[in-house]
Amino acid sequence: MGEQQLSLAAVRDALVREEDSIVFALIERARLPRNSPAYAPAAAAGGRSLAEFFFREAEAGHYQKPEDVPFFPQDLPSPVFPTTGYTKVLHSFASAVSMNDAIWKMYFNELIPLFTVDGDDGNYAETVALDFACLKALSRRVHIGKYVAEVKFKDAPQDYSPLIRAKDTSALMNLLTFKAVEEKVKKRVEKKARIFGQNVTLEENAGKHEGISGDSECKVNPEVLSKLYDQWVMPLTKDVEVEYLLRRLD
Ligand SMILES: O=C(O)C(=O)C[C@]1(C(=O)O)C=C[C@@H](O)C=C1
């Protein structure tokens, strides 16, 4: 995201686009059963889970933008490709703000059981590759909160600065919260899950209005998307915003 794009409307557009990636990634992952052995420590992966092993391999060479935050930053090799001037838009500490530990725990402990069926078909490599796509999209979405915070600060430094100096986390949280926007976001992702998750056929579907499937036929339950955003994605985005703002005057 460059300087010229930095307005609240533009950053909110980026959040809306990321919804599509999240819904499609969950739809893809939901094709496979839970496959929990992929998440247990495995001798073949050096005592790590297959999921962690896959992430460590797949993350090498990526992650240069502030919204692309690595899950395992410790052993990351230096980027292969030259970086461009993206950092100028955000304060220099932005890349240190990460909610990935919380996103990781939420995804494996809370979310996976909500949108996969219990079972084991042995397809672990594909499973963790699909998990990677889900987690990358979720993490990007949450960390775009850095740009949201920067725009909000630039638009009203007189409102934010005293709260930042007082380290008043809850007042900052109140100031950056727009309940009406959150309600719209929840409704929209639920609708996207309903529309993107349909089985599209050429036959007329008797009794179905405009060919829209009932929720039980959707590839991912639309209510799961609404809950995901309500309980985890938006609260974590706001945590990113607060954490970024708290250091904005450093
Ligand atoms: O759109 C904003 O203003 C945001 O800060 C993003 C977001 C979200 O996560 O979608 C978070 C907090 C607001 O209450 C509304 C929406």
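**Fold and ligand shell**

Guide: Along the sequence, the pattern reads α-α-α-α-α-α-α-α-α. Keep in mind that this is a predicted model.

Visitor: How many helices and strands does the chain have?

Guide: The count is 9 helices and 0 strands.

Visitor: What share of the contacts joins residues at least 24 apart?

Guide: 79%, taken among contacts between residues at least 6 apart in sequence.

Visitor: And what percentage of the chain is buried?

Guide: Buried residues account for 31% of the 250 residues.

Visitor: Switching to the ligand. Which residues come nearest?

Guide: Thr177, Phe178, Val181, Met234 and Thr237. They belong to a set of 13 residues around the ligand.

Visitor: Which elements give two or more residues to that shell?

Guide: Three helices do: H1 (8-29), H8 (179-196) and H9 (222-246).

Visitor: Which one gives the most?

Guide: H9, with 4 residues in the shell.

Visitor: How does the shell split by class?

Guide: There are 7 nonpolar residues, 4 charged and 2 polar.

Visitor: Back to the chain itself. Where is Ile22 found?

Guide: Ile22 sits in helix H1.

Visitor: Why does Ile22 count as buried?

Guide: Because Ile22 has 23 C-beta neighbours inside 10 Å. The cut-off for buried is 20 or more.

Visitor: What is Ile22 in contact with, leaving aside neighbours within four places in sequence?

Guide: Ala137, Leu138 and Arg141. Ala133 is worth a look too: its C-alpha atom is 8.4 Å from that of Ile22, and the two residues are 111 apart along the chain.

Visitor: Where is Asn35, and is it buried or exposed?

Guide: Asn35 lies in the loop between H1 and helix H2 (50-59). Asn35 is buried, because 24 other C-beta atoms lie within 10 Å.

Visitor: What about the phi of Lys167?

Guide: Lys167 has a positive phi as well, about 50°, and is not a glycine. Its place is the loop between helix H6 (157-165) and helix H7 (169-176).

Visitor: Is Lys167 buried or exposed?

Guide: Exposed. Lys167 has 9 other C-beta atoms within 10 Å, and the cut-off for exposed is 12 or fewer. So Asn35 is buried, whereas Lys167 is exposed.

Methods. Residues are numbered from 1 along each chain as its sequence is written. This is a predicted model: local features need pLDDT of at least 70, side-chain atom pairs count only at pLDDT 80 or more; totals for chains, interfaces and linings use all residues. A residue is near a molecule or strand if its C-beta atom, placed from the backbone, lies within 6 Å of it. Ala, Val, Leu, Ile, Met, Phe, Trp, Tyr, Cys and Pro count as nonpolar, Asp, Glu, Lys and Arg as charged, and the others, Gly among them, as polar. Two residues are in contact if their C-beta atoms, placed from the backbone, lie within 7 Å.
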